[in-house]
Amino acid sequence: MEIKIAPSVLAADYANLEKELKKCSDAQYIHLDVMDGHFVPNISIGAPVIKAIRAVTEVPFDVHLMISEPLRYIEDFAAAGADIICFHIESESDTEKTINKILESGCKAALAIKPNTPASAVLKYLSKLSMVLVMTVEPGFGGQSFMADMMPKIEEIRAAAPDIDIEVDGGINAKTIKTAAKAGANVFVAGSAVFKSENPQETISMLKENAKSVK
Ligand code: DX5
Ligand code: ZN
């Protein structure tokens with residue numbers, strides 16, 4: 001499986017997004033966390049900001065919707081320039097309808113599960129998904145600690161879908177990326193680890209090497 005690093009802009013300097021995104025030109029995705037203050041306690045950015053930054057980088061956008069009604073907003077995020085749209089199975093929108101809407105909009109569809117949701121919940125949707133996101137923290141905030149007890153969920157999804165992208169999000173750093181890679185993840189979101197480091201570019205390549213080292 002190709003190893004992909006997805007720096008999360010949530011930990012970047014929002015006053016200098018163009019500059020921050022230039023540091024991520026070697027990343028495989030830019031991970032954009034959308035929070036509505038309802039599905040999660042925090043509020044972050046929406047489609048207008050994503051549209052504005054689409055022009056300053058060519059790296060594909062991995063949009064992580066932490067919102068209660070993703071189905072209502074799929075067209076907005078597709079129009080803003082999302083490449084992958086990821087929503088939570090725990091949201092209020094119908095899962096099948098939301099996946100179909102994402103695919104109709106021309107984007108790739110991904111489904112995310114919170115720590116208390118079993119891996120089995122996503123299995124029946126796998127054929128339509130490009131990626132499954134296994135949260136390794138409770139969604140809502142950056143800078144939390146990696147939950148290693150989520151690894152069996154990654155193993156279960158990897159066994160069911162040997163070729164799908166499995167993304168992990170939350171607490172990924174030089175050490176935890178190896179744990180997640182061993183379990184079968186191949187797409188790694190990293191917020192604090194990348195943007196709070198001295199040299200984000202070097203951190204991205206170090207994370208990639210660390211993930212590769214256990215494959
Ligand atoms: C949390 C977000 C994450 C967050 C990760 O709800 O989904 O993408 O930015 O941040 P770190 O890598 O700092 O744990
Ligand atoms: Zn995220």
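1. Ground rules. This is a predicted model, in which local features need pLDDT of at least 70 and side-chain atom pairs count only at pLDDT 80 or more, while totals for chains, interfaces and linings use all residues. Residues are numbered from 1 along each chain as its sequence is written, chains are lettered from A and ligands numbered from 1 in the order in which they are written, and side-chain values use heavy atoms, with hydrogens and water left out.

2. The zinc ion (ligand 2). Its protein donors are His31 (NE2), Asp33 (OD), His64 (ND1) and Asp169 (OD), at 2.0 to 2.3 Å. Donors here are N, O and S atoms within 2.8 Å of the metal (3.2 Å for Na, K and Ca); water is not among the atoms, so sites may look incomplete. Along the chain the spacing reads H-x1-D-x30-H-x104-D. The site has 6 donor atoms and comes out as octahedral, with angles of 72 to 169 degrees. For six donors, that label asks for opposite donors over 155 degrees apart and all others between 65 and 115. Both His31 and Asp33 are buried (under 20% relative accessible area; exposed is over 50% and partly exposed in between, with a 1.4 Å probe and protein chains only).

3. Lys153, worth a look. This lysine sits in helix H5, residues 151-160 (helices are DSSP runs of H or I, at least four residues, and strands are runs of E, at least two, numbered from the N terminus). Lys153 is buried but has no salt bridge, and the nearest side chain of opposite charge, Glu90, is 6.8 Å away. For charge, Lys and Arg count as positive and Asp and Glu as negative, with His and the chain ends not counted. What does the Lys153 side chain have 3.1 Å from one of its polar atoms? The backbone oxygen of Lys114 is there. Leaving aside neighbours within four places in sequence, the contacts of Lys153 include Ile113, Pro115, Thr117 and Val134 (contact means heavy atoms within 4.5 Å).

4. Met150. You'll find Met150 in the loop between strand S6 (131-135) and H5. Met150 counts as buried because its relative accessible area is 6%. Not counting residues up to four places away in sequence, Met150 touches Pro115, Val134, Met135 and Thr136.

5. Salt bridges. The count is 8, using a side-chain nitrogen of Lys or Arg within 4 Å of a carboxyl oxygen of Asp or Glu. One of them pairs Asp83 with Arg54, with the closest N and O atoms 3.1 Å apart. Asp83 is in the loop between helix H3 (74-80) and strand S4 (84-88) and Arg54 is in helix H2 (residues 47-54), so this pair ties together parts 29 residues apart in sequence. Asp83 is partly exposed, at 32% relative accessible area.

6. Two more pairs. Glu75 and Lys101 meet at 3.3 Å, N to O. This pair links distant parts of the chain, with Glu75 in helix H3 and Lys101 in helix H4 (residues 95-104), 26 residues apart. Glu75 is exposed at 52%, whereas Lys101 is partly exposed at 26%. Arg72 and Glu69 also form a salt bridge, with 3.3 Å between the closest N and O atoms. Here Arg72 is exposed at 57% and Glu69 is partly exposed at 33%.

Definitions and conventions. A polar contact is a pair of N or O atoms within 3.5 Å; within protein, one must be able to donate a hydrogen and the other to accept it, and residues adjacent in sequence count only if both atoms are side-chain atoms. Four donors count as tetrahedral if all angles lie between 85 and 135 degrees; four count as square planar and six as octahedral if opposite donors are over 155 degrees apart and all others between 65 and 115; anything else is irregular.
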